[in-house]
Amino acid sequence: MSYALLYFVFLISVHSSGEGAEGMLFSDGNGDISMWWRQTSCFSNSELRVFYTEMSYLCNHLLASDNVRRNFSCWCVRVYVNSSSENLQYPVLFVVRQQKGVLSWQVPLIFRGLYQRTYNYQEVSRTLCPTEPTPETRPSDQIIFVDIASMAPFNIAYELLVTRLENFQLETNKAFNFTASPSQPQYFLYRFPQDVDSVIINVVSDAAYPCSVVSVQDIVCPVYDLDHNVEFNGVYQSMTKQAAITVQRKDFPGEQFFVVFVIKPEDYACGGSVPSSIHGKLFWEVDLIHQSTWGSFILAVHRGAELLPCLSPSPCSGPDESSSSGGRQLSSPERRPPAGSDTDSSVEEESDFDTMPEIESDKNIIRTKVFLYLSDLSRKDRRIVSKKYKIYFWNIITIAVFYALPVIQLVITYQTVVNVTGNQDICYYNFLCAHPLGVLSSALFQDYGIPKHFGLFYAMGIALMMEGVLSACYHVCPNYSNFQFDTSFMYMIAGLCMLKLYQTRHPDINASAYSAYASFAVVISLAVLGVVFGKNDMWFWVIFSMIHVLASLALSTQIYYMGRFKIDVGMFRRAVMVLYTDCIQQCSRPMYMDRMVLLIVGNLVNWSFAIFGLVYRPRDFASYILGIFICNLLLYLAFYIIMKLRSSEKLLPIPMFCIVATAVVWAAALYFFFQTLSSWEETPAESREKNRPCILLGFFDDHDVWHFLSAAALFFSFLVLLTLDDDLDTVRRDKIPVF
């Protein structure tokens, strides 16, 4: 059935005599469109002049043969008005009365922006909400009344143009181009086909500005299509050059919805200039892409699982405190500890970690030797030391529970707010690849090899699992406020790795779990303060830089003197005396040259970080702290490997493979990490410019690949720490140097 193009123009000059015009459009019910107009007289009143125009439009429908689903082709009416008058005191008022609603506006149309700025538009174009006929009745005329009024005491000329809107219904996987402006919004209808359950509305603009809003609204009249009310219904996103909204069939019982496009009068909400430098029309392209379902996800996971055997090293039994590869085991019954001794309370551990009387008398003498060996720093009872490091494991479980519960509660609240308000600017996703889901015993080595204490490894494992949980919580609604959740256990993983590396050659003097976790608590507290105050407050960066430098000096002193330098009120006086005697009175060579080189380089790196933060004040404070931890870990690992090779020790094939695999996988992971798909450092609209489609199995994007590869890289990193000193399993501890 063909339809004639509906088009007519009223160009009327409003006179004080009250003469006007009336027009009417009607249909005979068979799709033929007619139009007529006639001159008419209204109330002759110097203050009020009213003119009536009657119009009609038709939505023709066809009933499907299965009588289950209605397929109707609907065209819509768009009303364009223009007035040359710029007098804001006497605007021309337009009221459109339809069967199920009233739509009104004025010309000039006024929008309000930031700081009470006003933006006036002489041309206004609105799409009238279509009324769908019921399947029980035949097509009938839909009468529409347009009332025009003005209180002006003088002549006002206006133009009224009514056109039939072609291509009102969007189609799946078919791009559609159109234009819009702040006073001329657009919206279109989309109806789910039988075989489509989810679509991505991909919108692309030809220019970054002006700032725009894309909204998905249910089939309800009136449609909210102006800047001040577009957020009242449905879900919406701000955009500059790109936006993407995922819509599922189950969310719309009628299996159809409106896609609304609104341009803001100023660009402040999208990070642009205020006021906007562009006020013309914006050219848009919208494409509704059929999205993969969770069935595709299951298939993707299955295919990914098939690749795991190719990526994983050959299975082998993990380390256990009851055995070790290549070590000499003392198996005589009289040398074994009593059964169940490792489960005793940790209160047996003294505050200074010394249990043998002879250690208390000579430990300070031993630690002053220029050349230390592992036997000098592994003199404590193995059971007590093992308990000391198991405290790391139990404490981190407690920390994880208390930290994770409020985080989970917060991200659920975030998601609830997003679902209730429809504001998709709260969370920074890669919307082009977003998939909604609902509405979340011991080893007996007393004389050979590195002491086998796995409490820190267990703690690292728990920290890695909690990092996965909190990272998932962050990705429920990624934004600036909750990024700290994604990084908190990263700090702990990096710190525990450094402690584990230090523990291998310093088992008796390594930090206790209490002091280590207290230090992590201070770091996380500083991270929270950085999120709140680190954007623009100079005082925070001054205080943080001072804390950073002082902490680096204090830790360097502890490492250099092997814990013999007491941190108390008199430490500053002792430090001045040491500097005076060793550097000013007589410039002597440092007693522990290797340690001194490491600490000088480490302090230079940390001071550089402090100066960088003080000068540039990076907004991403959480990543800034994480960078400090990672650089210190890499520096210490490099120092450890270099000193190991200098000491004529060797790297066995397995640790060498793990080191190479770690480097390769981390490099690949970082490549995908820097493929930025979103950024909460920018506005939501600017962030969406970075969104990209899925790249792996039609379901995963670059950031998902980063998570896969970084997980594998962390696995190999832990293997490096586990196997790095396997070559020493048969070497006496009094032959293993300490560095």
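Partly exposed lies between buried (under 20%) and exposed (over 50%), with a 1.4 Å probe and protein chains only. The model is predicted: local features need pLDDT of at least 70, side-chain atom pairs count only at pLDDT 80 or more, and totals for chains, interfaces and linings use all residues. Numbering runs from 1 along each chain as its sequence is written, and side-chain values use heavy atoms, without hydrogens and water.

Leu529 sits in helix H6. I take helices (H or I, at least four residues) and strands (E, at least two) as DSSP runs, numbered from the N terminus.

Next, the core. I found 74 residues in the largest nonpolar core. Such a core joins buried Ala, Val, Leu, Ile, Met, Phe, Trp, Tyr and Cys residues through side-chain atoms within 4.5 Å. Phe489 is among those with the most contacts inside it. Helices H3 (382-421) and H4 (455-476) are among the elements giving two or more residues to this core. A second, separate core has 38 residues, including Tyr187 and Phe252. In general, nonpolar side chains of soluble globular proteins tend to be buried together.

Which residues does Phe489 touch? Not counting residues up to four places away in sequence, I list Ile396, Ala400, Tyr403, Ala463, Met466, Glu467 and Leu470. Contact means heavy atoms within 4.5 Å.

Last, the sheet. I read an open sheet of five strands, E15-E17-E22-E19-E20, with mixed pairing. Two strands pair if DSSP finds at least two bridges between them. E17 (186-191) and E22 (256-263) pair antiparallel over six bridges. Gln186 stands opposite Phe261 in E22.
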